[in-house]
Amino acid sequence: MKILLMTSNTREHIKLKENLFVTAPLGLLYLAQVLENKGHTVKIVDTYAKNLSSEQLLKIIKIFSPEAVLSSLYSLDLDVNYRILKRIKENFPEIEIILG
């Protein structure tokens with residue numbers, strides 16, 4: 001199975017003047033290793049660290065063509081995640097959405 005693991009870019013929606021924090025998405029990195037060990041094809045997209053727009057993320061999803069998208073959630077970005085995941089589902093209804 002092809003799985004895309006992603007973080008959300010809160011900067012795009014909240015218009016922060018400064019970065020609140022930039023840390024490696026360790027949970028996603030651990031999960032990616034487990035999934036790869038089980039034979040899955042995994043791509044990690046850290047939209048926050050790369051400051052990617054929703055449109056750029058949708059292009060990445062179109063090119064990678066995953067069967068599932070897993071999004072890492074934090075209380076700060078629940079609304080942002082909802083908007084992005086809604087757009088993903090509208091553009092790619094066949095993709096399973098997993099939150100964690």
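Helices here are DSSP runs of H or I with at least four residues, strands are runs of E with at least two, and both are numbered from the N terminus. With that in hand, the fold of this predicted model reads along the sequence as β-α-α-β-α-α-β-α-β. That gives five helices and four strands. Of the protein's 100 residues, 38% count as buried.

- Helix α4 covers residues 54-64, and its buried residues are Ser 54, Leu 57, Leu 58, Ile 61 and Phe 64.
- Looking down the axis of α4, you'd find those buried residues within an arc of 135 degrees, so they line one face of the helix.

**The salt bridge**

- Searching the whole structure turns up one salt bridge.
- Its partners are Glu 55 and Arg 87, with their closest N and O atoms 2.2 Å apart.
- This pair ties together distant parts of the chain, since Glu 55 belongs to helix α4 and Arg 87 to helix α5, 32 residues apart.
- Glu 55 counts as partly exposed because its relative accessible area is 42%, which falls between the 20% limit for buried and the 50% limit for exposed.
- Arg 87 is also partly exposed, at 30% relative accessibility.

**Rings**

- No aromatic pairs turn up: the count for the structure is zero.
- Phe 64 does have a charged neighbour, though: Lys 2 lies over the face of its ring, 4.6 Å from the ring centre.
- Phe 64 is also one of the buried residues of α4.

**Nonpolar residues at the surface**

- Leu 26, Leu 29 and Tyr 30 make up a nonpolar surface patch, and together they have about 330 Å² of accessible area.
- Leu 29 sits in helix α2, which spans residues 26-37.
- With a relative accessible area of 38%, Leu 29 is partly exposed, so it clears the cut-off of over 30% that patch residues need.

**Leu 78 in helix α5**

- Leu 78 is part of helix α5, residues 78-91.
- Its relative accessibility is 45%, so Leu 78 counts as partly exposed.
- Leu 78 and Ser 8 are 70 residues apart along the chain, and their C-alpha atoms are separated by 9.2 Å.

Definitions and conventions: Residues numbered from 1 in each chain as written. Predicted model: local features only at pLDDT ≥ 70, side-chain atom pairs only at ≥ 80, totals over all residues. Heavy atoms only, no water. Patch = residues over 30% accessible without salt bridge, like charges linked within 9 Å, V, L, I, M, F, W, Y side chains within 5 Å. Areas by Shrake-Rupley, 256 points an atom, 1.4 Å probe, with all protein chains shown as cover. Salt bridge = Lys/Arg side-chain N within 4 Å of Asp/Glu carboxyl O. Buried < 20%, exposed > 50% of the residue type's maximum accessible area, 1.4 Å probe, protein only. Arc of directions from axis to C-beta. Phe/Tyr/Trp six-rings, centres within 6.5 Å; stacked < 30°, edge-to-face > 60°. Lys NZ or Arg CZ within 6 Å of the ring centre and 35° of its normal.
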